[in-house]
Amino acid sequence: MPSLLILVPLVGILVLNFLFKLVVRRAAFWFVLVLFATQAVITFLHAPFFYAGSADRLNPFFKVVFNVDGISFVALLCIEIVCLASLVVARYTLHDLNQRFNFTNLLLISSIGMNGMVLTSDIFSLYVFLEVAAVSSFIMIAFRRGKRSLEGAFKYIILSAVATVLMLAAIALFLLACSDTSFAAIRHGMGQSPHSNIILFAVGMFVSGLFIKAGLVPFHAWLPDAYSAAPDAVSVLLAGIVTKACGIYALIRLVVSVFGFSPGLNQVILLLGAVSVLAGALAALGQNDFKRMLSYSSISQIGYIALGLGSGTALGVAGAVFHFFNHAIFKSLLFVNSAAVAEEAHTTDMDKMGGLSSRMPVTGSTSVIGFLSAAGIPPLAGFWSKLVIIIALWKAGDIAYAVIAVLASILTLSYLLSMQRRVFFGRLRQGLEDAKEVGAGFALISVFLALIIIACGLLFPLVFNAIYASVKQILIQ
Amino acid sequence: MTNLNLMLLVLMVAAAVWAVMARSLLKAAIGLAIASIIITIFMFEFNSPLAAVFELSVCSGLITVIFLSTIGLTRPLSHKELLALSRDRGRRYGFMPLLVIACGAILAFVFLKMPLDLEVAKNTISVGAREVLWNFRHLDLFGQIMILLAGGFGAVLLFRETNTDEW
């Protein structure tokens with residue numbers, strides 16, 4: 001019954017607005033928390049009663065067959081965990097009850113968009129659900145209606161509109177050339193006319209649109225402004241999953257299941273991945289704003305995922321999917337930490353912070369785990385996914401790109417170490433004497449995310465083998 | 001392509017450019033409505049009456065009415081402010097029409113060079129595009145309802161009256 005993943009949040013919205021709005025708004029948080037937690041558990045367990053396609057009685061209504069494979073499971077799990085983290089952060093950082101209530105509704109709509117995108121096996125439906133997630137993101141970024149947040153949302157809208165035009169035009173060409181927009185029909189059409197200029201042009205346009213959505217350099221202009229100007233809970237959601245689901249997941253899904261690898265496409269993805277890895281890391285080095293630095297770091301990490309995909313091998317794609325998961329977790333954790341720090345220090349300027357680890361021990365220590373994983377330090381999860389990507393690049397003969405990935409890892413270590421030193425280590429800065437942990441929920445979600453990072457690192461063979469096996473199976477099909 | 005279509009296309013681009021470059025919001029909204037009406041004509045010509053009716057009623061009609069009523073609630077700029085805005089806009093976006101023409105020329109060149117091989121489509125198209133999109137796509141309609149819902153929340157959140165002056 002995968003269709004419940006898009007129907008239940010809608011029922012949630014109706015219940016919230018017609019029942020909880022009248023009865024008690026405070027209960028909305030617990031209601032949605034239980035909803036996301038249930039979805040996460042069902043996905044984690046791969047519950048056969050839920051994911052068996054034949055059991056889905058709603059398929060005839062939607063007139064589609066939902067596509068659930070290993071890559072979808074990873075993406076669904078990321079969506080649910082990050083939505084959960086974002087919800088908890090909203091509880092502590094959005095103080096106005098009305099604002100928090102509206103945010104909860106938008107979060108549910110966004111989860112419908114992302115779940116729909118992951119489940120669908122049709123390129124037009126993928127586009128529609130991508131827009132559901134994008135529209136709710138625009139609103140959430142502009143939530144506070146400050147000048148910066150409106151500017152961030154505006155830049156996102158403008159560049160998204162460009163991506164939309166490219167993708168819609170590409171879909172029209174696919175429909176024209178392949179007679180349908182389902183993944184199977186496009187794959188069939190490409191198989192019949194592998195050198196069709198129309199189809200190749202459509203692939204180029206669609207992939208370019210996804211590059212904008214993913215925030216790869218040079219299509220990244222919107223990303224730092226949108227991430228840093230958004231309210232903290234929205235930053236967690238955007239950096240943790242929205243950008244990745246809308247851009248990178250869609251790119252992996254389409255390249256692996258529909259377009260297939262070709263030397264030209266691989267080279268474009270590799271080049272953009274390498275430029276993003278380096279440019280993102282170098283830009284992050286020069287930032288004083290905590291959230292802005294994490295935003296540039298996201299560009300760099302998305303570059304790693306692109307490098308894995310661009311290698312064009314099962315190992316590289318599995319590495320990319322594993323890094324997709326790891327990045328969703330450690331970047332959410334770092335943004336949760338930045339939200340906690342901003343809540344107590346009332347600023348995100350790292351030059352005005354220092355020594356916060358002594359006052360906020362849980363935030364400080366989980367932040368160390370997040371940063372070590374992001375920097376690729378063993379035995380944490382981030383190390384393994386980067387290692388797999390580098391090995392895949394080396395094996396595929398893309399040695400220059402493997403070297404770039406290694407060098408950028410040193411840059412990552414350097415800017416994240418600088419962040420730790422300026423924010424958490426050293427002497428407590430004047431004016432921060434009253435800082436303390438924001439709340440039990442904040443601490444719990446930070447520890448939860450940190451534990452996932454440690455567990456995935458220690459259980460690497462188990463986790464990676466499962467991903468690798470399913471990627472190989474998809475590629476054989 | 002007939003001369004009439006060509007004229008309409010030029011008119012549509014001119015109306016769209018006017019919508020972006022116009023000094024007055026009112027004129028910009030009218031420019032957008034004109035561009036939308038011309039798109040409607042093309043949709044009728046391409047045998048898509050359903051899409052055309054939606055375009056005409058929602059984009060040219062409803063949205064223009066909402067724009068005009070919202071503009072009616074705003075304070076109009078003084079002549080001096082309008083001149084300054086116009087100069088600034090010309091300086092920042094004056095190159096845009098040239099960029100559009102250049103992109104159009106490049107695309108035209110690419111398409112003229114590119115053989116439009118639609119063998120696959122000729123062999124396999126059995127259902128019309130319109131029929132595919134409107135009769136077999138309930139999931140997409142569900143998605144579109146979600147977009148409208150998000151838009152509704154956005155309108156409530158972003159356009160509600162506020163006492164705080166964050167600007």
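Let me begin with a definition: helices (H or I, at least four residues) and strands (E, at least two) are DSSP runs, numbered from the N terminus. This is a predicted model, in which local features need pLDDT of at least 70 and side-chain atom pairs count only at pLDDT 80 or more, whereas totals for chains, interfaces and linings use all residues. Residues are numbered from 1 along each chain as its sequence is written, chains are lettered from A and ligands numbered from 1 in the order in which they are written, and side-chain values use heavy atoms, with hydrogens and water left out.

With that in place, I turn to the loops of chain A. A:Pro218 sits in the loop between helix H10 (197-214) and helix H11 (222-229) of chain A, and the peptide bond that leads from A:Val217 to A:Pro218 is cis, with omega near 10°. A cis peptide bond also joins A:Pro378 and A:Pro379, where omega is about 5°, and A:Pro379 belongs to the loop between helix H17 (361-375) and helix H18 (381-395) of chain A. In the loop between helix H15 (314-345) and helix H16 (356-359) of chain A we find A:His346, which has a positive phi of about 55° although it is not a glycine. A:His346 is exposed, with a relative accessible area of 70%; here buried means under 20% relative accessible area, exposed over 50%, and partly exposed in between, with a 1.4 Å probe and protein chains only.

What does A:Ile6 touch, leaving aside its neighbours within four places in sequence? A:Ile6, in helix H1 (residues 4-20) of chain A, is in contact with residues including A:Phe62, A:Phe129, B:Leu139 and B:Phe142, where contact means heavy atoms within 4.5 Å. A:Ile6 counts as buried because its relative accessibility is 0%.

As for helix packing, helix H9 (residues 183-192) of chain A and helix H12 (residues 232-259) of chain A pack at an angle of about 55°, with their axes 9 Å apart. Axes are lines fitted to C-alpha atoms, for helices over the stretch in contact, and angles run from 0 to 180 degrees between N-to-C directions. H9(A) and H12(A) are therefore oblique to each other, given that angles under 35 degrees count as roughly parallel, over 145 as roughly antiparallel, 65 to 115 as roughly perpendicular and the rest as oblique.

Finally, chain B, which has 8 helices and 0 strands, and of whose 167 residues 20% count as buried. Chain B averages a pLDDT of 76, and 80% of the residues score at least 70; pLDDT is the predictor's confidence in each residue, from 0 to 100. Confidence in chain B is lowest in helix H6 (residues 119-124), at a mean of 50, and highest in helix H2 (residues 25-45), at 89. Where pLDDT is low, the predicted coordinates should not be read in detail.
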